[in-house]
Amino acid sequence: MNEQQQMIAEMADDLFADLSARKTSDSSWEAIESVGLPSLMVDADRGGFGGNWCDAVIVFRLAGYRALALPVVEATIAAALADGAFDGRGTIAPAAEGTLAGDRFDGTITGAAWAEGAAYVVAPAPGGGSMILDMAQASIGGAANIAGEPRANLAFQGATARRLPADIFALGALARAAQIAGALDASLAMSVAYVNERKQFGRPLAKFQAVQQSLATFACEAAAANCAALGAAQAQGRGDGDYAIAAAKLRANRAVGVGTALAHQVHGAIGFTHEYPLHPLTRRLWAWRSEFGGDSHWSGVLGDRICARGADQFWADLTAVTD
Amino acid sequence: MQTFVPESITWPDTAPALRAQVRALVAAHVDRGDPRRLANSWAVPDPRFSRALGAAGLIGMTWPQSYGGHERSPLERYVVLEELLAAGAPVGAHWIADRQTGALLIRYGTEEARERWVPGMARGEIYACIGLSEPNAGSDLASVRATARHDGDDWILDGQKVWTTNAHHAHVMIALMRTEEGSERNAGLSQFLVPMDAPGVSIRPIIDLTGGHDFNEVFFDGVRLPANALVGVEGDGWRQVTAELSLERSGPERYLSSTALLIELIRRAGAHPDTAVRALIGRLAAETWTLRLMSASIAVKIARGEDPALEATMVKDLGNSFEQAIPELVQAAVEVDPAGPEPLGLVLGHLLQLSPSFSLRGGTREILKGIIARGLGLR
């Protein structure tokens with residue numbers, strides 16, 4: 001991390017830790033806005049930080065680490081894409097169905113995060129690219145993901161939409177990979193602390209070799225998710241994130257299975273209770289594994305791309321995206 | 001908690017040119033007739049190829065020019081290594097000399113030893129092996145019992161090493177010997193440079209389950225060596241050995257051993273594969289992409305002068321598990337005879353039999369996980 005990233009990370013982590021410790025409310029979001037976090041990737045001449053995707057992934061990872069129940073990730077991406085066209089908090093969604101004729105959208109957007117109170121939404125456009133719409137035109141059907149995070153379906157009739165070249169589905173996947181990396185690290189830290197403290201058969205669980213080996217396996221998976229997320233952010237920053245984001249979301253998704261299983265296993269029954277703070281992490285991890293593309297989606301995208309290029313291009317293409 | 005801090009890797013500007021150079025060299029020199037030789041190719045010795053690589057300036061890349069090296073950056077070296085392995089180039093003859101022995105001699109060797117051995121290593125003509133394991137010191141390396149004792153100005157070596165890869169091709173061994181009588185565990189150990197043709201050194205092959213010959217037993221029977229055979233500081237052998245471990249555990253050879261099989265799977269899949277094969281290719285590619293970043297992150301940290309021992313251990317554990325899993329996954333996804341004659345089958349059958357060794361060589365999975373657990377604060 002460079003100096004600016006260190007500063008952003010410290011600021012975000014202090015804030016997220018503080019906000020996660022208490023029940024979130026409207027004033028919680030004001031705390032996020034007051035430090036300007038959603039403007040992280042907005043150009044400096046528009047009053048933002050002018051940050052890049054590597055900066056953003058640091059913040060997104062920390063939001064995941066703290067299981068932050070606020071839409072800072074979605075608002076940050078939406079603001080970066082809106083480029084000052086809207087006031088207020090924006091959000092993003094992974095899917096839309098309907099027709100986009102000229103600048104008129106008829107149809108539904110599904111899975112919009114924290115839609116209540118959002119001023120605008122960015123979603124995939126029918127036929128490719130993305131579109132941005134004013135939420136004042138939407139009728140909102142409330143729902144939530146399995147972690148209880150608000151996810152709404154939005155109905156639009158004759159709504160004004162503006163096309164954007166960005167691939168919001170991929171950008172959402174990049175963000176979720178970073179959140180997964182953070183939540184895995186936090187689950188690992190919680191697991192390590194627990195097994196050092198909890199005694200059975202007269203000694204801490206940490207002294208049992210089976211427990212040690214399980215958590216070592218977990219640590220490797222968390223490490224892989226972290227490297228994947230940062231690598232994808234770097235690639236996106238270079239303007240060629242397609243391959244890397246597909247690989248990173250897929251790798252992070254695969255780490256979720258191992259990580260959540262081992263976190264719960266070493267915690268025993270207490271980790272399965274509503275009272276104990278492991279589930280805000282693990283339930284998010286299970287939800288995020290599906291959001292913006294599950295394993296079958298991204299492995300299909302990557303597999304198709306590689307097969308279309310052929311065996312003898314596999315390695316050359318893999319290295320060309322970083323050189 | 002963040003157990004692995006990834007690096008923002010800036011690949012060298014010279015990377016595309018180096019890749020092109022390696023690819024041309026491989027195209028000119030590597031016989032692709034038997035696809036099995038492309039798998040796990042860092043264990044496939046071919047002195048002719050090693051000499052060609054040396055002549056092209058691609059061995060000893062980071063070593064000083066005064067010892068035949070080329071003073072390139074560690075990441076430039078990394079680019080060359082990953083290109084060679086991904087292409088299945090037979091780099092087994094010189095691999096240990098290039099990865100460890102040359103650098104060890106430059107760091108700890110006497111001037112005489114450097115001049116005698118290192119330029120030949122850089123030319124791809126002098127090969128090395130590592131004498132660590134013994135019959136009662138496999139994973140438990142600090143149980144070394146082979147001895148070196150003073151006799152006037154000379155050293156006398158006695159004892160036995162086992163599982164010594166390529167001892168039968170090597171010109172020299174770096175051997176870890178007990179130099180302090182009565183010392184225990186990792187105290188009182190020292191490293192020695194042993195010419196393999198020294199009187200009293202004998203080699204016996206160990207044939208592996210595939211019928212292959214990589215391993216050997218090496219016996220020292222009163223081997224008399226001059227004082228300058230000692231490498232580094234007497235009694236400091238354990239520290240010298242463990243200082244190399246990050247480099248040894250994190251290189252691209254720790255995750256690319258089965259890439260030849262992935263490439264054959266892509267070839268067999270064609271442009272329109274079925275869903276399961278397509279998904280498997282995507283998954284293996286994602287893993288390869290991630291491990292490459294992890295492995296290169298370690299190279300960046302080492303180049304900065306850090307010793308990322310914990311992260312390097314993670315790379316080896318993840319990488320070995322990955323290259324070990326590929327054969328089974330491919331066998332489950334595709335109907336192909338692992339006895340051949342299809343190339344995919346041949347590589348599959350070869351790797352099914354070889355891959356158990358991937359999580360044994362260079363530190364077993366259990367040892368690695370123990371090291372990681374200690375890093376997590378569990379031991």
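Predicted model: local features only at pLDDT ≥ 70, side-chain atom pairs only at ≥ 80, totals over all residues.
Residues are numbered from 1 along each chain as its sequence is written, chains are lettered from A and ligands numbered from 1 in the order in which they are written, and side-chain values use heavy atoms, with hydrogens and water left out.

Let us stay with chain B for a moment. Its parts are domain 1 (15-126), domain 2 (130-236) and domain 3 (244-375), with bounds that come from an automatic or database domain assignment. Between domain 1 of chain B and domain 3 of chain B, the C-alpha centres are 21 Å apart. Their contact takes 19 residues from domain 1 of chain B and 25 residues from domain 3 of chain B, where contact means heavy atoms within 4.5 Å. In domain 1 of chain B, Asn40(B), Tyr78(B) and Arg99(B) supply 29% of the area buried against domain 3 of chain B, more than any other three residues. Arg99(B) also forms a salt bridge with Glu253(B), with 2.6 Å between the closest N and O atoms.

The two chains meet as well: 51 residues of chain A are in contact with 53 residues of chain B. On the chain A side, Cys227(A), Cys307(A) and Trp315(A) supply 15% of the area buried against chain B, more than any other three residues. The count of salt bridges between chain A and chain B is four. In a salt bridge between Glu287(B) and Arg251(A), the N to O distance is 2.7 Å.

Here are the two buried areas (the accessible area, with a 1.4 Å probe, that two parts lose on being put together, summed over both).

| Parts | Buried area | Share on carbon and sulfur atoms |
|---|---|---|
| Domain 1 and domain 3 of chain B | about 2000 Å² | 65% |
| Chain A and chain B | about 4400 Å² | 67% |

On a 1 Å grid over the protein atoms alone, a cavity is a set of points where a 1.4 Å probe fits but cannot get out, and a pocket is an open set with protein on both sides within 12 Å along at least five of seven lines; lining residues have an atom within 4 Å of a point. Grid points are joined across faces, edges and corners, and a volume is the space filled by probe spheres set on the points.

The second largest pocket has a volume of about 810 Å³. Its lining has 32 residues, and closest to its centre are Thr62(B), Arg99(B), Ala103(B), Leu247(B) and Ile302(B). Where does the second largest pocket lie? Domain 1 (15-126) and domain 3 (244-375) of chain B both give residues to the lining, so the pocket lies between them.

The structure also holds six cavities of 30 Å³ or more, and the largest cavity has a volume of about 100 Å³. Among its 13 lining residues, Gln100(B), Ile130(B), Ile174(B), Gln191(B) and Glu244(B) lie nearest the centre. Domain 1 (15-126) and domain 2 (130-236) of chain B each give at least three residues to the lining of the largest cavity.

Technical notes: Salt bridge = Lys/Arg side-chain N within 4 Å of Asp/Glu carboxyl O.
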